[in-house]
Structures are given as structure tokens and as C-alpha cells.
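Please keep the structure open as you go through them.

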Amino acid sequence: LQHYFIQSNLSIMSWQKLLGSCAAVGAASLGVYKMKNNHLFAGTAEQKPLPEIRSEQSLVKKHLTQEKWDQLSGIKTKTSGFTLEQAIATAIQFDNQQCGIYAGDHDSYIDFAPLFDLVIQDYHGIDANATHTSDMDPEKIQGNVHPDAPVHSVRIRVGRSFEGFGLSPGITRDQRLELEGLLKKAFSTFTGDLAGDYYPLLGMEESVRQQLVDDHFLFVSGDPNLIVAGMERDWPEGRGIFHNKDKTFLVWVNEEDQTRIISMQKGGDVKAVFERLSRAIKAVQDSVKAESGKDFLFDPKYGYIHSCPTNLGTGMRASVHIDLPGWTAEGTDALRERCEQLKLQPRGTRGESGGQTGCTYDISNKHRLGYSEVELVQCMIDGVNTLFAEDMELQKKHAK
């Protein structure tokens, strides 16, 4: 060990962590721990042939070579024992994946970096030396959505994960239950407009379940992607929903991410929704850290860590539901093209794959990584105001 310490140029802190890890598993188990780029991982998995990637258009298919498979497929991560084969399970099983890879823990992004880095850079359009900056200061938001804009509601959500726990595809049962316990304690400390109740999915009464369905708050099982990726193991144990009394602040516990923190309200006051979100995130972070010493997982390069690499960075989706009859008459293809120019993403109000009805659209920021939260919310506000002004002109055009 002393020889390895000298040869690898480990810092004193890293050396102490290594000794602590060795002590934790016992001297007899020391041989299963390996070092790579000064990072400790759990050891080796069974070496298997490169599997067939059914998602031919996926970024996994594009970037996973035989050489990378041979290099990475034998690794098991330290936090949750996750393997590369588990990470790319959806690309193996399905033929419709865009990325086709999930992380089982923060270690996955380090241990499988030769693949993850290429997928992330390709998807987000960043270079290898990019860094990420977070900024949740609502005072920096300039203006708001125009008061005359026909906005039905505003919703802003982020994902957040905590140190020491696997991410949803790899988290162990014990880790999931421990994390739920920490979050339940955190929720009990909330005061003022953030105060509310936690509703565990396990053993939920039918009346509570129906109310959450009616409020469109409930997340459910059965998503094929989440099942294959390993995110619905031990369902519904360790999962639940918190919401405040006004139903303007929610936290989803142990769904696709460890937490999804959501702020929303009727009308178009984006700044108020963002201000509440900023306070809510800090309340969750501070409470869990005070109880356990565990902080949010944040990487200087990739920002806040999520199970899906598409959500890295802010993990933020800031959206409004707005009527755009002029753009509807102009055509959805034209709207998509304009939103692309404005760095926005249009959807139907039934979600990403739910289709479009009428002239009401869900308009949100397109990017997650490489921009701060303030920048993305500002982009959404400015873009929505632009679409609204243009919609008024398009209504006149198509009324002729």
C-alpha cells in the first residue's frame, strides 16, 4: 500500500480515504478494491462479450467501441456495485433510445468516463474542458412574463442527488430507505409556505392516492425504460411525495432521481415560482446536511449529478402552459423551428409523448448543462414573451 501511495501520487486525504475504505471492508477483502485515476472502485465484474445494441441511432451505439467495452465492462462501482452492462441496458433492450445510458451512482461517471464523457459532450454540445456554474439567485431575474400573455400555469423543477447514495438505477434497498428517512426528517422541519406532509407510496390509502391523481402529483410504476434501467426495483418501497399546504411545492422521492424538487402555481409569475424553488432547494439541502453531513452531489464539470446524463448541469426544466393560437395556425413545425432559435422546447400539455391538443403548449428551456439556473429561467421568460408578441401578429395574419 505504501508503495502504491508513493507511485500514484495520492494526496494525504485520498490516502486516508483509501485506508478507511480498506478498514471498512476488512483486510481479507482488500483485494477486490482497485484504483484508477486516483479513484477507488469496487473491483471487477464478469467479463462478457460486447452485447448487441438495438438502439442503432443512440449515442451509446455511436461511441461504444469494442476497445471501450473491453476496457470498462469488467468494472464494478464502489457505491452501488454498478456495471457498464447495467448502464446501457435500455440501449440493449430497446431500439428507440437517444442516449441509451444511465448512471447507477456518481462513480459511474468517473469509472465509465471514456464512454460517458463522449455521450455527454455529444448530447449537450460542450467541449471536453467545459465547466458548469450554478446560480439560484432570483434577484438576478430581469422582468417577467408579459401580464397579457395567456399563460395558464408555471412549473419549474430540478433534480438533486445526495452524496453516499446510489442513483436510482443502482441504489441499494438499504440506501433508498436511509435516504427516504433523511428526507422525511427534513420535510418535518419546513415552516411557513413550505410546510406540508409526506405521503409514502407504500401503504398509501386509496383516498390519498386518488387525491394525488386528481392533483396530477402522483408518479406511478410501469415505465418500460425505468424498469429496464433498474429504477423500479423494490417498488413502491422507499418512494413518496411531499407537498406543501398550498400545493405549490412538491418533492418526489426516489423516482428517476433521488429527489425531484418542484415549484409551480397558476398564472404567469415565473419569478415567484423560481424564488420559491430556490428557498425549497436550500431547505432540503440544509436539513439533510444538518442531519447526516451529506450534501448535494455536484461536479465542477457536469454540475448537479443525475441518473440520466441528459439532466446533468442544472437538472432544470422551467415551463409555462400558454395558448398560442397564431402559432397553431402557422403550424407546429414552424413553432418548433422558432423555439429552436430561442433555445426553447415546445411540447403538448400531455407531456413529451402525449401529443398536442388545441392551441395550448408547454414551452420550456431546451438546455440543462453549460448554463446557470438564472440564465435558463431568463431564457424561458424572454422566449415566451417573444413567442407571445409574434403570436399576436400571426393571429392577425391568419384572420385575413
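1. The chain has 15 helices and 14 strands; both are DSSP runs numbered from the N terminus, with helices being H or I over at least four residues and strands being E over at least two. This is a predicted model, in which local features need pLDDT of at least 70 and side-chain atom pairs count only at pLDDT 80 or more, while totals for chains, interfaces and linings use all residues. Residues are numbered from 1 along each chain as its sequence is written, and side-chain values use heavy atoms, with hydrogens and water left out.

2. Of the 400 residues in the chain, 51% are buried. Here buried means under 20% relative accessible area, exposed means over 50%, and partly exposed is in between (1.4 Å probe, protein chains only). The accessible surface comes to about 18,400 Å², and carbon and sulfur atoms account for 49% of that; the areas come from the Shrake-Rupley method with a 1.4 Å probe, and for residues only the protein chains shown count as cover. Contacts are heavy atoms within 4.5 Å. Among contacts between residues at least 6 apart in sequence, 72% link residues at least 24 apart.

3. Strand β7 (residues 240-244) deserves a look. 5 of its 5 residues are buried, so β7 is largely enclosed by the rest of the structure. Gly240, Phe242 and Asn244 point one way, Ile241 and His243 point the other way, and all are buried.

4. What are the partners of β7? Two strands pair if DSSP finds at least two bridges between them. Strand β6 (residues 196-200) runs antiparallel to β7 and is joined to it by 5 bridges, with tyrosine 198 partnered by phenylalanine 242. Strand β8 (residues 249-253) also pairs with β7 in the antiparallel sense, over 4 bridges, and here glycine 240 stands opposite valine 253. β7 and β8 make a hairpin with 4 residues between them, and lysine 247 in the turn has a positive phi of about 60°.

5. Now to helix α9 (residues 173-187). The buried residues of α9 are Gln175, Arg176, Leu179, Glu180, Leu182, Leu183, Ala186 and Phe187. They cover an arc of only 165° around the axis, which puts them on the same side of α9; the arc is that of the directions from the helix axis to the C-beta atoms. An α-helix has 3.6 residues a turn, so residues three or four places apart point the same way. The buried residues of α9 pack against β6, β7, β8, β9 (259-266) and α12 (270-292).

6. Ala113, Leu115, Phe116, Val119, Ile120, Gln121 and His124 are its buried residues, and they pack against α3 (59-63), α4 (66-72), α5 (84-87) and α7 (106-111). Just after α8 comes glycine 125, with a positive phi of about 70°.

7. Please check the loop between α11 (224-229) and β7, where proline 236 lies. The peptide bond from tryptophan 235 to proline 236 is cis, with omega near 0°. Aspartate 234 is found in this loop and has a positive phi near 60° although it is a residue other than glycine; at 34% relative accessibility, it counts as partly exposed.

8. Arginine 233 lies in that loop too, and is partly exposed at 32% relative accessibility. Which residues does arginine 233 contact, leaving aside its neighbours within four places in sequence? They are Ser168, Pro169, Gly170, Ile171, Arg176 and Arg239. Arginine 233 and isoleucine 171 are 62 residues apart in sequence, with their C-alpha atoms 9.2 Å apart in space.

9. Histidine 216, in the loop between α10 (206-214) and α11, has a positive phi of about 60° although it is not a glycine. At 72% relative accessibility, histidine 216 counts as exposed.

10. Finally, the cysteines. A disulfide is taken as a pair of cysteine sulfur atoms within 2.5 Å, and the count by this rule is 0. Cysteine 99 is in no disulfide; the nearest cysteine sulfur, that of cysteine 308, is 5.8 Å away. Cysteine 99 is buried, with a relative accessible area of 6%.
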